[in-house]
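Here are my notes on the model you sent over.

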Amino acid sequence: MLDDRKKILVSVKDLKMHFPIHAGLLRRRVGEVKAVDGVSFDVLEGETLGLVGESGCGKSTCGRAVLRLYDITSGSIVIDDREIGATPQPELRDMRPTMQMVFQDPQASLNPRMTVEDIIKEPLDEHTTLKDAEKRAKVAELMDAVGLNRKFAKRYPHAFSGGQRQRIGIARALALNPKFIVCDEPIAALDVSIQAQVVNLLEDLQEQFGLTYLFISHDLSMVRHIATRVAVMYLGKIVELAPREGLYAEPLHPYTKALLSAVPEPDPSLARNTQRVILKGDVPSPSNPPEGCNFCTRCPSVMDICKRIEPAYREVQPGRFTACHLYNDLDDTAGATAGPEANKSTNKEKTT
Amino acid sequence: MTDVSSQVEPVDPVNPNEPFAPEEKARNQWWDVWDQFRSHKGAMAGLIFLIFITLFCSIGPLLWDVDPGKLDIRNKDVRPIYVAIWDGDAKTSWARPMGTDHLGRDIMSNIMQGGRISLAVGWTAMILAILIGTFVGVLAGYFKRLDWALMRFTDLVLSLPLLPLLLVMMLLFRDPLRATFGPENGIFILIVLGIGITSWMQTARIVRGDVMALKEREFVLAARSIGTPPRRMITRHVLPNVLSPIMVSATLGLATAIITESALSFLGLGFPSDFPTWGKILFDSVDRMTAFPERVLWPGLAISLTVLAVNYIGDGLRDALDPRIRGM
């Protein structure tokens, strides 16, 4: 819809992932953590959709749910023209080669008892009938592609640095020539110089293999660098989705504004003059989100309607989606400046 | 990295993309395991002792051709040969280097014969217990649906008083098994099964806990995203990573099995009385321990040194099988 020439590869509609909370002597179900609560987005073939938000907002859960690493609560996921929202796990196996994942912690995502070769070979063992020598050749190719020395194939993951381990993880994800890769904060555990290497590697591979990424990160400047479109999440919901330039130049949702104003400005003279939007309070508990808009407890432009009615997620400008009452129509924005402090305190009592 | 590369294969920094040279593939990773194992002094000492005691018990009776059950009343209460060093009047004989008991049975051949039984019972019962324990633990830890039922069953078995249970088992099944498999084999099977199925619970609990923790690790999630089915997930990712606790409970299990067998023999419900085991020799000699300390000393030493050796071997193996410690 944004660009009609491109095909929609991944389409997520109203995805919900609720984790039950059990408590008490009988482990009765007393509630649920709404980690992802009604998320919809499309990813076009060959693009990178950045997914940003503060920690605990459900980014990673969303990424994993899209790949059906969890059994989702409800919603529809269409990847490569196949609906997988309700497919049972064993039947998903054929689908796995199309969609792969790069994990956040390169230390934890590699089995410490397997050699690098075995780790990269595992997808080949599972989904191909190649001979052992062919598999080894393929592994060597993949190691070249991600810039690892072939001679290290017999080493174990602990002998590698963080950046090299992440390359191993990327090589494993590439082994089956996937179309869609979810990168779950692939750079969060790496230091800055290595982050750039890994991100550049991801970009090169995208060009080389025509990959589509869902790039989950809390690093706004990195997302700006790699993503073509950006989705902003807050408390299990997408509050804004827009092309990169539009989002960074003119954020619509108050949360996006606050988030972007938190990005450090490298130029000190500019930094002195920037007005930061500083949010007060904490993120409400995802097991007990506020009535109405999820952001109403901290929003600087909160209105009465925000606390009662949940804003619909809709296209407000061509290609730009947001969920905010400020854009319902122009009349409603008049009350936007009503004292946020006073509203916040009453809201806090309600939520706690 | 530098010391690592010197240990493994030499790295060619000039031409990193050159294809695998054949000699690099030749080195099997089990050689690295062996190298690491060899560097553990205690484990090597344990291995040497275990080989020695195994040979002593298996080949020994062929060389030392004395019937362990043969009574020789005239030569009863012979002291071991070394007593002659400080007590010239003691009854010693080169024909009975470890002495004889109060019925004149040769202690050395008894220790050999007893060792055969004790080691066989110990190893078989331990392996059985480890297999059951690991199986139950992995199933309970990996499959949430089975967890409740399996762990309550484990608790149930754990809460049974073991010795009375074993006694009842002996009483109930001794005669039918004897009839089917012969007196010695029947009792052997009964004792091994009895010890095996009453000592797997600790292993199951430890393994379950570790599997549950492992299941949440990202590499298991990564394997799930690849589409690895649960069966291979367990053999490839879970089992190799719970090897350490299994190894520890295996070494402890061997000790417990040997000692439980001794206790059963002591209660008269183990092997027949003319059938020596280390535990039974030990218990038979306790009454006259002050007069003849050697009769307690030898089987006691054999039991504790074997257990110690196996413990050290387990320790060394655990280190050798862990690539992080192996420094590869």
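Predicted model: local features only at pLDDT ≥ 70, side-chain atom pairs only at ≥ 80, totals over all residues.

1. A disulfide needs the two sulfur atoms within 2.5 Å. Cys299(A) is also buried, at 9% relative accessibility.

2. What about Cys306(A), and which cysteine sulfur is closest to its own? That one belongs to Cys293(A), and at 5.8 Å it is too far for a bond as well. Cys306(A) has a relative accessible area of 6%, so it counts as buried. Over all chains, the disulfide count comes to zero.

3. On to helix packing in chain B. Two packed helices are described by the angle between their axes and the distance between the axes. For α15(B) (residues 278–285) and α16(B) (residues 293–321), the axes come within 8 Å and cross at roughly 145°. The crossing is left-handed.

4. If you want to look at that contact residue by residue, α15(B) brings Trp278(B), Gly279(B), Ile281(B), Leu282(B) and Ser285(B). On the α16(B) side they meet Arg295(B), Val296(B), Pro299(B), Gly300(B), Ala302(B), Ile303(B) and Thr306(B). Sorted by class, the contact of α15(B) with α16(B) has seven nonpolar, four polar and one charged residues.

5. Helix α4(B), residues 41–58, is worth a look too. Its 18 residues reach 26 Å from the first C-alpha to the last, close to the 26 Å expected at 1.5 Å a residue. Which of the residues in α4(B) are buried? Ala43(B), Met44(B), Gly46(B), Leu50(B), Ile53(B), Phe56(B) and Cys57(B) are.

6. Last one: Val83(B), which sits in helix α6(B), residues 83–86. Is Val83(B) buried or exposed? Buried, with a relative accessible area of 2%; the cut-off for that label is under 20%. Leaving out residues up to four places away in sequence, Val83(B) touches Ala90(B) and Thr92(B). Between Val83(B) and Met98(B), which are 15 residues apart along the chain, the C-alpha atoms are separated by 9.9 Å.

Definitions and conventions: Residues numbered from 1 in each chain as written. Chains lettered and ligands numbered in written order. Heavy atoms only, no water. Buried < 20%, exposed > 50% of the residue type's maximum accessible area, 1.4 Å probe, protein only. Axes fitted to C-alpha atoms, helices over the stretch in contact; angles between N-to-C directions. Helix = DSSP H or I, 4+ residues; strand = E, 2+ residues; numbered from the N terminus. Left-handed = near helix turned anticlockwise from the far one by under 90°. Contact = heavy atoms within 4.5 Å. Nonpolar A, V, L, I, M, F, W, Y, C, P; charged D, E, K, R; others polar. Expected span 1.5 Å × (residues − 1).
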